[in-house]
Amino acid sequence: YNIHSPFPEEANRRMLSLLATFNFSPTNLSTKALIHEGVNPKSIIQTGNTVIDTIKWMLQQEPPVHPLLDTLRATGRKVVLVTCHRRESQGEVMRNLFIQIRALCHAFQEVIFLFPVHLNPAVQTLAHEVFGSIPNVILEAPITYDVFVHVLKRCHLALTDSGGIQEEASYMGVPVLVMRKNTERPEGIIAGVSRLVDAKNIGKVAHRLLASNASYYKMARRVTVYGDGRSSERIVKHLLDHKDPLLKRAYSSAPELDGLPQLARLGIPTPEVDA
């Protein structure tokens with residue numbers, strides 16, 4: 001546990017885990033970490049991560065209509081996804097990372113480097129300064145999640161400081177170089193599908209993955225370390241099985257939001273609400 005990295009997510013998680021009635025843990029390592037932090041084991045229910053449910057569902061849908069997807073479909077070139085936005089990355093850390101990635105762009109001119117640029121002015125300014133004149137770099141405006149899922153599926157490699165992409169890419173078999181000092185998602189590191197890098201070694205590691213099929217396919221494996229796509233079902237079932245009448249009353253309002261009728265598809269009965 002490091003309150004400063006990633007910030008503020010770890011601080012928020014630590015506070016909420018002590019207050020929560022239930023802690024729905026995504027992985028076995030997360031469960032062990034919560035217990036180590038003093039969270040009541042009876043409050044911990046290991047379910048998997050709901051992001052995998054979302055990814056599975058979205059990949060079953062027709063891809064949205066978007067010029068970027070059209071561009072990626074039309075090219076047979078490899079695509080490397082780049083994202084960088086975190087507070088702890090900004091400043092000289094980000095500049096040094098970008099300089100190393102720029103060198104990769106020059107070394108692999110046949111590869112497209114796709115960078116959906118965060119709206120933070122500091123990120124925007126630096127990204128356009130470093131990459132703006134490079135022909136094989138696409139500096140894209142932020143994209144919606146439905147578009148992003150299908151973009152990531154098309155990518156050969158991801159260079160990112162994002163937490164969520166570590167989970168999403170692992171399910172799609174896209175290797176991830178995590179541009180951070182540490183990660184709260186160690187499962188991908190342990191599985192060998194992601195790796196921590198910094199400005200000192202990102203160029204060397206990425207170069208190896210782009211130049212060597214043997215090195216690439218060691219990491220380009222689809223793994224399910226973050227869930228099997230049924231996490232939401234387990235969470236809903238646990239909540240509905242809970243006997244707290246206040247919670248049951250809260251769930252009973254979900255039909256007004258088109259929520260509970262969907263439970264029938266999962267074979268989960270809706271709760272009976274006291275008058």
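**Exercise 1. How many bridges join strand E3 to E4, and in which sense do the two strands run?**

Solution. The model is predicted: local features need pLDDT of at least 70, side-chain atom pairs count only at pLDDT 80 or more, and totals for chains, interfaces and linings use all residues. Residues are numbered from 1 along each chain as its sequence is written, and side-chain values use heavy atoms, with hydrogens and water left out.

Step 1. Strands (E, at least two residues) and helices (H or I, at least four) are DSSP runs numbered from the N terminus; two strands pair if DSSP finds at least two bridges between them.

Step 2. Strand E3 (residues 79-83) is joined to E4 by 3 bridges, and the two run parallel. Val79 stands opposite Ile112 in E4.

Step 3. E4 is also joined to strand E5 (residues 137-140), by 4 bridges and again in parallel. Pro116 has Glu140 in E5 as its bridge partner.

**Exercise 2. Identify the strands that continue the pairing from E3 through E6.**

Solution. Step 1. E3 pairs with E6 in the parallel sense over 4 bridges, and Leu81 has Ala158 in E6 as its bridge partner.

Step 1. Strand E6 (residues 157-160) has Leu157 and Leu159 pointing one way and Ala158 and Thr160 the other, and all are buried. Buried means under 20% relative accessible area, exposed over 50% and partly exposed in between (1.4 Å probe, protein chains only).

Step 2. E6 in turn pairs with strand E7 (residues 176-178) in the parallel sense over 3 bridges; Thr160 has Val178 in E7 as its bridge partner.

**Exercise 3. State the handedness of the β-α-β units that contain E4.**

Solution. Step 1. A crossover is right-handed if, with the strands pointing away from the viewer, the path from the first strand over the helix to the second runs clockwise.

Step 1. E3, helix H5 (residues 92-107) and E4 make a right-handed unit. E4, H6 and E5 make a right-handed unit as well.

Step 2. A further right-handed unit is made by E6, H8 and E7.

**Exercise 4. Why is E4 described as largely enclosed by the rest of the structure?**

Solution. Step 1. 5 of the 5 residues of E4 are buried, so the strand is largely enclosed.

Step 1. Both faces are covered, with Ile112, Leu114 and Pro116 buried on one side and Phe113 and Phe115 on the other.

**Exercise 5. Classify the ring pair of Phe115 and Phe131.**

Solution. Step 1. Rings of Phe, Tyr and Trp (its six-membered ring) pair if their centres lie within 6.5 Å; planes under 30 degrees apart count as stacked, over 60 as edge-to-face and the rest as tilted. The structure holds 6 aromatic pairs.

Step 1. The Phe115 and Phe131 ring centres are 6.0 Å apart and the planes stand at 75 degrees, so the pair is edge-to-face.

Step 2. Phe115 lies in strand E4 (residues 112-116) and Phe131 in helix H6 (residues 121-131), so that the pair links distant parts of the chain, 16 residues apart.

**Exercise 6. Is Gln166 buried or exposed, and with which side chain does it make a polar contact?**

Solution. Step 1. Gln166 lies in helix H8 (residues 164-172). Its relative accessibility is 2%, so Gln166 counts as buried.

Step 1. A polar contact is a pair of N or O atoms within 3.5 Å; within protein, one must be able to donate a hydrogen and the other to accept it, and residues adjacent in sequence count only if both atoms are side-chain atoms. The side chain of Gln166 makes such a contact with the side chain of Thr183 (2.8 Å).
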